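Take a moment to look at the model from a few sides before reading on. Then let us walk through it together, one part at a time.

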Amino acid sequence: MPRLTIDGREIEAKAGQTVMQAARDHGIFIPYFCWHPNLSVPGNCRICVVGVAEKDGGEWVEIACNMPAAEGMVVFTASEKVKARRKATMEFITLNHPVDCGICDKAGECTLQDYHFEYNGAASVSRDAKTHATKHFDLSERIVLDNERCIQCTRCVRFTREISMSNGLGMLDRGDHSIVRPSPDGAFAKDAYSDNVIDLCPVGALLAKDFLHKARVWYLKATPSVCPGCERGCGVNLWHRKDEWKLRSPRQAARNEGIDRVTPIENPAVNGPWVCNKARDLPRLFGRVRATGPLFKGAPAPCEAAVLEARALIAEAKRPVAVVSSWASNEELAAFKAAFGSRFALVAKRDHEPQPGEVVQDDLLIRADKNPNAAGVRAVLGECGTEVPKDADLVLVWGEGFDFRAVPAGAKIVFLNAFLAPENGHADVFLPLSIQTERSGHYTNFAGVTSRFERCFALPPGVLHAEELFGSLVGNGRGA
Amino acid sequence: MKHLIPEFERMKARFPAGFDSSLVLPCLHRIQADRGFVADEDIVGLCEYLKVPRIQVEEVLSYYTMLRREGIGKTHLQVCRNIACSMRGAEDVIEHACKRLGVKPGQTTADGKFTLSTVECLGSCGTAPVLMVNDAYHENMTLEKLDALIAGLS
């Protein structure tokens with residue numbers, strides 16, 4: 001194991017590590033654009049230059065990302081020589097950059113912006129006009145590309161070759177005419193992981209159309225959550241308005257309670273640093289029209305009366321069946337078990353099935369079961385049935401995706417659902433539930449890894465938490 | 001491009017196994033020599049044959065200016081305009097060629113006989129200015145020599 005010194009600190013690198021990797025392992029920061037821990041090393045941006053001491057007391061500079069850590073090496077990350085080289089590199093990288101941070105969505109979380117302040121800070125010294133390139137280029141239906149902002153680091157290109165394997169992007173032409181373009185065969189549009197290139201982009205060249213000009217990033221806060229799109233349960237950050245930056249106009253008020261964008265949370269045990277495009281579309285999934293009040297056979301009912309009616313129906317039933325949601329959190333499942341014990345015969349439900357055109361399963365992240373907590377249901381409630389028994393006289397349906405034709409004739413229906421749906425009105429009693437963004441909890445993924453999600457928004461009026469509801473559904477008769 | 005596959009197979013034998021993507025460039029050269037340019041169907045056929053993603057072939061084609069996506073005239077006049085040639089009168093040669101042929105650099109004459117291009121260094125600075133007629137060098141070019149050359153080819 002080579003021992004080397006970085007900025008006066010002696011560290012031990014692992015065999016085969018580069019100076020960049022060894023430094024990061026020991027918390028020493030070296031800047032980088034094109035390098036990424038999960039991608040190959042192209043060494044094209046040159047910003048990670050470090051100084052290496054020579055025997056005669058001199059110092060030579062080399063890029064840290066591609067230099068093997070060697071025994072006895074003495075490295076400087078911020079010597080005068082390194083600072084001068086880094087400043088010159090920044091001048092070169094920003095030579096044709098439009099510096100339009102004021103209208104760029106990346107501003108505030110842009111590596112180029114941060115490094116410019118840190119390593120250069122001066123206005124351009126070039127007397128030549130900047131080269132022009134395509135702006136607002138439709139890279140796919142989801143992503144827009146600004147080629148003038150691009151610094152040709154090729155992270156996006158390498159992502160499609162090394163991680164998503166779609167080979168959807170390439171670098172065409174040469175020199176300062178180099179330009180990122182999608183493959184003419186449409187491979188990038190079909191890439192189920194394409195939106196990761198937006199996070200990978202160290203500048204504002206690749207931007208999500210869904211988030212374009214929606215908010216400055218410093219108006220938003222990230223709430224850690226879990227993607228419910230499949231049984232992988234990838235870690236995600238749900239970005240929504242900070243309290244102090246809530247929109248005041250009544251016309252825009254709804255946006256205060258919505259998710260603006262979704263980014264991955266790196267979790268080596270579950271998803272690594274990536275998520276698929278389905279996670280990016282969670283704002284649409286959670287943003288569907290909600291059910292906001294209880295119903296008796298389709299007629300609006302007061303909440304208390306609806307809960308009492310449901311309780312009475314459950315108490316009176318002789319052979320009650322519960323169809324359990326695999327979108328329920330472990331806490332909700334535990335509350336269900338604590339409240340009802342073995343009162344119900346149990347049926348496990350897949351709330352969501354693969355949609356037409358959706359990738360069912362692949363070798364990277366995507367799993368065939370499109371529900372986040374089927375493993376949690378098994379762990380908390382044991383093995384459940386798959387079909388509603390023919391002799392059931394009451395069916396408690398929890399969550400979406402249930403075919404009500406499976407309810408035996410004459411059986412009563414109590415339905416708990418978060419979203420507005422025609423089926424809501426068919427139930428004897430319907431109760432509206434909270435969604436994942438309105439509560440915290442845990443999901444257990446297919447591999448047994450349990451991940452926590454936090455609450456983003458307050459509970460809308462008229463909506464109930466299943467975790468609290470189940471306790472009040474136990475008891476006798478209609479009396480309080 | 002399909003009729004060239006036996007030739008490609010012989011080239012393949014000269015490369016180590018697993019290096020099929022290295023054949024992109026020699027195959028494109030051969031295709032261009034055969035057709036005069038590289039057509040879309042050639043790209044699709046080559047990707048299929050070499051099992052190389054489409055974008056990789058597109059990158060090679062756009063990187064090298066010598067690889068063409070469109071046909072050119074029967075005779076290709078390429079005039080060097082780098083320093084040595086420019087200092088010895090390349091700009092006059094280019095201007096004269098434009099006048100004689102009635103085209104600008106990069107264009108083909110209406111009768112399809114000539115395409116005029118300006119190119120980077122041809123590596124013959126000692127005999128500047130230099131002009132290439134298809135694959136042949138014509139050195140120490142003068143306006144008179146150019147007139148005679150074009151007359152001979154018309």
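This is a predicted model: local features need pLDDT of at least 70, side-chain atom pairs count only at pLDDT 80 or more; totals for chains, interfaces and linings use all residues.

Let us begin with chain A, which is divided into three parts: domain 1 covers residues 3-93, domain 2 covers 127-213, and domain 3 covers 295-472. Taken over C-alpha atoms, the centres of domain 1 and domain 2 of chain A are 28 Å apart. These two domains touch each other, with 10 residues of domain 1 of chain A in contact with 10 residues of domain 2 of chain A. What kinds of residues does domain 1 of chain A bring to domain 2 of chain A? On the domain 1 side there are six nonpolar and four polar residues, and no charged ones.

Strand E1 (residues 3-6) and strand E2 (residues 9-12) of chain A run antiparallel and are joined by four bridges. To see the pairing for yourself, find A:Arg3, which stands opposite A:Glu12 in E2(A). The two strands form a hairpin, with two residues between them. In that turn, A:Asp7 has a positive phi of about 50 degrees.

A:Leu172 has A:Ile179 of E9(A) opposite it. How many residues lie between E8(A) and E9(A)? There are six, and A:Asp173 in the turn has a positive phi of about 65 degrees.

Strands can also build a sheet. In chain A, three strands form an open sheet in the order E6-E7-E10, with antiparallel pairing. Its edges are strand E6 (137-138) and strand E10 (206-208) of chain A, each of which pairs on one side only. Strand E7 (residues 143-145) of chain A is joined to E6(A) by two bridges.

Next come two helices. Two packed helices are described by the angle between their axes and the distance between the axes. For helix H9 (residues 330-340) and helix H10 (residues 374-381) of chain A, the angle is about 30 degrees and the axes are 10 Å apart. Because angles under 35 degrees count as roughly parallel, H9(A) is roughly parallel to H10(A). Their crossing is right-handed. Which residues make the contact? From H9(A) come A:Asn330, A:Leu333, A:Ala334 and A:Lys337, while H10(A) supplies A:Gly376, A:Val377, A:Val380 and A:Leu381. By class, this contact has five nonpolar residues, two polar residues and one charged residue.

Finally, turn to chain B. Chain B has seven helices and four strands. Reading from the N terminus, its elements run α-α-α-α-β-α-α-β-β-β-α. Chain B is divided into domain 1 (2-63) and domain 2 (75-153), and the centres of these domains, taken over C-alpha atoms, are separated by 30 Å. Along the principal axes, the C-alpha atoms of chain B fill a box of roughly 50 × 35 × 25 Å.

How do the chains meet? Eight residues of chain B are in contact with 10 residues of chain A. The chain B side of this contact has three nonpolar, two polar and three charged residues.

Terms used: Residues are numbered from 1 along each chain as its sequence is written. Chains are lettered from A and ligands numbered from 1 in the order in which they are written. Two strands pair if DSSP finds at least two bridges between them. Axes are lines fitted to C-alpha atoms, for helices over the stretch in contact, and angles run from 0 to 180 degrees between N-to-C directions. Angles under 35 degrees count as roughly parallel, over 145 as roughly antiparallel, 65 to 115 as roughly perpendicular and the rest as oblique. A crossing is left-handed if the near helix is turned anticlockwise from the far one by less than a right angle, and right-handed if clockwise. Two residues are in contact if their C-beta atoms, placed from the backbone, lie within 7 Å. Ala, Val, Leu, Ile, Met, Phe, Trp, Tyr, Cys and Pro count as nonpolar, Asp, Glu, Lys and Arg as charged, and the others, Gly among them, as polar. Domain bounds come from an automatic or database domain assignment.
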